[in-house]
Amino acid sequence: MTAATSVTGRRKVGRPAGVRLAGTGMAVPAKVLTNQELATRVDTSDEWITQRTGIRQRHAAAKGEDVRTLSTAAVRQALGEAGMEPKQLDFLIVGTLTPEMVCPSSAARVVADLGAVPAGAVDISAACSGFVYGMNMAAGLIESGFYKTVAVVGAEVLTRLVDWKDRRTCVLFGDGAGAAILTASDDDQQGLLYQTMASNGDGWQELYVPREESDIPPKAEFSGAYNTLQMNGREVYKFAVHTLEKTIDDALNAHGLKASDLAAIIPHQSNARILESARERLGLPPEKLYINIDRYGNTSAASVPICLHELRSAGRLKQGELVLFVAWGGGLTWSSSLWRL
Ligand code: ACO
């Protein structure tokens, strides 16, 4: 039975005082793909990958694993941590660029798999910025007074979207999902303090997935594999360095904060060199700008929530502390989200 069986509209019940991060979860495929293994498939080496990117291994989805299954597992764990039942979810957002199908959304099927029907469900396509966009949108839904509890997921199976003959991209990406449960709070100190959701579509061709010849930009160096991720690594690198610096500075300046006032900056994991130089510039110790790309590679929209879950599980994020999420990616898009937990 899939039709609406009861009234599913919502009446405004008054705006909450704040928004609380109630739980987090993550899921990665069991299969680990090391740099050494990749070096048997393409002309690369553990040394090149480690030195240029900081990646040592990534997880790769097996048959039957996809955004839907990984997201469902991550949200289940997050709900468990929050002490909530699936039926308490009012809305679920999945940030992904690798949904199973163009229609239906992965989100709608995750809601059904969880037993959370008739919660609202939507996938958002903002590439690596998807989860951070989702956190900002979820905060807005809760602050509107129409929705009380929202799950935000970042999930990808990028190993299915790379060209396994292209060493410039296939070594970079990995699969996984991370989830956060946000809910209305009586504490007006908790919630979103600052956010960015931005794009510049003029730079679309720096990172794109062509479906046919007409999608290829003029003068592009194209390897010939349609439906695989094409990336101009050097241009995206420059964009990432600039965006990371600017979005962090803007968020801090907006509230008169210093980087050391934050419990953690959780950035998208696209290259350890980019993240380490940002950490150095800000004068932060390793634990304050989290890096785990060595274990997961670039998991696109999943990278920020996986970091969030690892930090929270390690007891390194406490109520009342400040945390800043920052991401950038295809579109081009970028996003930041500053929270008091
Ligand atoms: N193994 C060995 N050699 C390689 C490999 C490899 N896997 N890949 C590239 N090379 C070679 C190139 O062929 C080139 O050789 P050449 O000089 O003989 O032509 C040389 O290494 C240098 O290549 P570059 O592309 O210039 O390498 P660079 O130092 O720029 O590193 C990288 C490439 C890691 C991709 C980097 O540019 C990067 O991290 N870019 C940013 C990616 C990013 O931030 N993405 C975020 C968004 S992702 C999303 O939204 C889904």
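Student: How many salt bridges does the count come to?
Tutor: This is a predicted model, where local features need pLDDT of at least 70, side-chain atom pairs count only at pLDDT 80 or more, and totals for chains, interfaces and linings use all residues. Residues are numbered from 1 along each chain as its sequence is written, and side-chain values use heavy atoms, with hydrogens and water left out. A salt bridge here is a side-chain nitrogen of Lys or Arg within 4 Å of a carboxyl oxygen of Asp or Glu. By this rule the count comes to 12.

Student: Which residue forms a salt bridge with Arg167?
Tutor: Side chains of opposite charge can pair when their charged atoms come close. For Arg167, the closest N and O atoms of the pair are 3.6 Å apart, and the partner is Asp43.

Student: How many residues apart are Arg167 and Asp43?
Tutor: Helices (H or I, at least four residues) and strands (E, at least two) are DSSP runs, numbered from the N terminus. Arg167 sits in helix 6, while Asp43 is in the loop between helix 1 (35-39) and helix 2. The pair therefore links distant parts of the chain, and the separation is 124 residues.

Student: Is Asp43 buried or exposed?
Tutor: Buried means under 20% relative accessible area, exposed over 50%, and partly exposed in between (1.4 Å probe, protein chains only). Arg167, at 45%, counts as partly exposed. Asp43 has a relative accessible area of 61%, so Asp43 is exposed.

Student: Which helix holds Arg68, the salt-bridge partner of Asp113?
Tutor: Asp113 and Arg68 form a salt bridge with their closest N and O atoms 2.5 Å apart. Asp113 is partly exposed at 30%, and Arg68 is partly exposed at 21%.

Student: Arg295 and Glu310 meet in a salt bridge; is Glu310 buried or exposed?
Tutor: The N to O distance in this bridge is 2.9 Å, and the pair links Arg295 in helix 9 (residues 293-296) with Glu310 in helix 10 (residues 303-313), 15 residues apart. Arg295 has a relative accessible area of 30%, so Arg295 is partly exposed. Glu310 has a value of 14%, which means that Glu310 is buried.

Student: Which backbone oxygen lies 2.6 Å from a polar atom of the Thr247 side chain?
Tutor: Thr247 lies in helix 7 and is buried, with a relative accessible area of 4%. The backbone oxygen of Leu244 lies 3.3 Å from a polar atom of the Thr247 side chain. The oxygen at 2.6 Å is that of Thr243.

Student: Now for the pockets: how much space lies in the largest pocket?
Tutor: On a 1 Å grid over the protein atoms alone, a pocket is an open set of points where a 1.4 Å probe fits, with protein on both sides within 12 Å along at least five of seven lines; lining residues have an atom within 4 Å of a point. Grid points are joined across faces, edges and corners, and a volume is the space filled by probe spheres set on the points. For the largest pocket that space is about 1,000 Å³.

Student: Which helix gives the largest share of its lining?
Tutor: The lining has 39 residues, and Arg168, Met231, Asn232, Gly233 and Arg234 are the closest to the pocket centre. Elements that each supply at least two residues include helix 2 (46-53), helix 8 (272-282) and strand 12 (322-329). The largest share, 5 residues, comes from helix 7.

Student: Why does the largest pocket lie between domain 1 and domain 2?
Tutor: Domain bounds come from an automatic or database domain assignment. Both domains give residues to the lining, so the pocket lies between domain 1 (18-185) and domain 2 (191-340).

Student: What is the volume of the second largest pocket?
Tutor: This pocket is lined by 26 residues, with Leu97, Thr98, Pro99, Leu161 and Val209 nearest its centre. Its lining draws at least three residues from each of domain 1 and domain 2. The volume is about 840 Å³.

Methods. A polar contact is a pair of N or O atoms within 3.5 Å; within protein, one must be able to donate a hydrogen and the other to accept it, and residues adjacent in sequence count only if both atoms are side-chain atoms.
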